Amino acid sequence: MKKEPEYIVKAAAVVPSERQIKWQELEFNAFFHFGINTFTDSEWGNGNEDPELFDPEELDCRQWARLCKLSHIKGVILTAKHHDGFCLWPSKYTDHSVKSSKWKNGNGDVVRELSDACREYGLKFGVYLSPWDRHEETYGQGDAYNTYFKNQLTELLTGYGDIFCVWFDGACGEGKNGKKQKYDWQGFYDTVRKYQPEAVINITGPDVRWCGNEAGVCRKSEWSVVPYYYSNAELIAAQSQHDISSPPKKINPTALDLGSRKAIKHCDKLIWYPAEVDVSIRKGWFYHKDDDYTVKSLSKLSEIYYNSVGANASLLLNIPPMPSGKIHERDIETLLSLGAQLDIDFQENLAEDSVMTDNRHLDDKHTGQHILIDDPDEYWHSGFDPDGSELVLDLGDEYDINKIVLGEHIRTGQHVESFELFALINDKWKKLADETVIGYKRICRFPEIRVRYFKLIIKKSRCFAAISRFEAY
Ligand code: FUL
């Protein structure tokens, strides 16, 4: 039995909530930044925009949803209200919304149209609601604004069916009247839990952590077990964007390591707080004609996908619709090609009917072979001496393979600290990967090889290792 220090025993026992597991399993979601900024060609509105300007004459939320469906996207998050305070639904608490616009003579509701389209296409639906509101008079007045915000939240949580995610932006600044608002974060969270208990609360929230940049990358070792400290809303807000001219492009260097032994050693409290990578398909978060040439290529998007979904993070890709209410053809083209590429990349898991042996396991219900059972709750458990444990996959025949997908059984926590992956080539084990964490999903890519046997060595793991995914493509 491996003797671990007390703080590692504690870290190994931290597990996700059911809502965090459901969210993690979605893997790839879409962000839609759409609002008054779409019509003023800006990124941050100042709240004084004329609502009349909002007029997406050809709004087609079914087009947005269809595109997501074809691109492997599982959930959608709409900017119901951005920093300018303009609401995409007819909130009864303000006139600064679609009801004062030209669109459908003030009778339209984008939240309704998109949530309906998502249901039709089998996608999850979520909302972004900016705490920072540059229009609302009560902003900066303490309780008055907090009540306003909770009322709006309640409208969104009770009027549009199931909500899978509520995204609270960390960006905050001065209000209209120069005052700063003291947010009632706990009250906001309680409102979400009351009306949509299954929804995760992201970013300045307790369930999902911002990866720390908007460049589409996560850390080499993305731990889901991190100090409680990182979920502090004031801290997240302080590290978020404060100035429109300097978007946070890189990972904050002081936070390169959130979950290693060194990073958690002196922490009183650890939590399950998995990472989300949010990035835009083009330069801005909102649509600008001048950005049409900045739409990311298939190779860039695919790199972002593998560096997030394949590295224990979730991907939230922003696709900003045009003033017409439709998505630009360049964005469509590149997204569809990503969808087609992912279809090819994950066409057939060649490990499905294979044999998996191990050099140790906890008991007969947790042998290597259990990894291959098509049930996320079947897994191999190393027993309590995990370092140096080995799993050997025999595909039964030789196949051309360039990807191995691994995953820990996160219901029992995140444990693996380092591993190596090998393939048997000409009777010699050739090293394909030498990595740190696995977490919910780790995709190891390598130049295509013809191979029958793979070997995974768990070099170091906290207390034990539990693997529930080993796929070959
Ligand atoms: C940031 C905001 O300021 C941007 O406009 C955008 O909404 C991004 C997702 O979050 O904090």
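**Close-up 1. Residue classes around the ligand.** The shell around the ligand comprises 6 nonpolar, 4 polar and 3 charged residues. Nonpolar means Ala, Val, Leu, Ile, Met, Phe, Trp, Tyr, Cys and Pro; charged means Asp, Glu, Lys and Arg; the others, Gly among them, are polar. The model is predicted: local features need pLDDT of at least 70, side-chain atom pairs count only at pLDDT 80 or more, and totals for chains, interfaces and linings use all residues. Residues are numbered from 1 along each chain as its sequence is written, and side-chain values use heavy atoms, with hydrogens and water left out.

Close-up 2. Among the 13 residues around the ligand (a heavy atom within 4 Å), His 33, Trp 44, His 82, His 83 and Asp 169 come nearest. Polar contacts here are pairs of N or O atoms within 3.5 Å. A polar side-chain atom of Asp 169 sits 2.6 Å from a ligand oxygen atom. For His 33, a side-chain N or O atom is 2.7 Å from an oxygen atom of the ligand. For Trp 44, the distance from a polar side-chain atom to a ligand oxygen is 2.9 Å. On its own the ligand has 290 Å² of accessible area (Shrake-Rupley method, 1.4 Å probe), and the protein covers 96% of that.

**Close-up 3. The cavity.** The structure has 1 cavity of 30 Å³ or more. On a 1 Å grid over the protein atoms alone, a cavity is a set of points where a 1.4 Å probe fits but cannot get out; lining residues have an atom within 4 Å of a point. The largest cavity holds about 30 Å³ of space, the volume being that filled by probe spheres set on the points. Its lining includes Phe 34, Ile 36, His 82 and Asp 84. By class, that lining has 5 nonpolar, 3 polar and 1 charged residues.

**Close-up 4. The largest pocket.** A pocket is an open set of points with protein on both sides within 12 Å along at least five of seven lines. The largest pocket holds about 790 Å³. Of its 33 lining residues, Glu 27, Tyr 440, Lys 441, Arg 469 and Glu 471 are closest to the centre. Strand 17 gives the most to this lining, with 4 residues. Domain 1 (6–345) and domain 2 (355–472) both contribute lining residues, so the largest pocket lies between them.

Methods:
A polar contact is a pair of N or O atoms within 3.5 Å; within protein, one must be able to donate a hydrogen and the other to accept it, and residues adjacent in sequence count only if both atoms are side-chain atoms. Helices (H or I, at least four residues) and strands (E, at least two) are DSSP runs, numbered from the N terminus. Domain bounds come from an automatic or database domain assignment.
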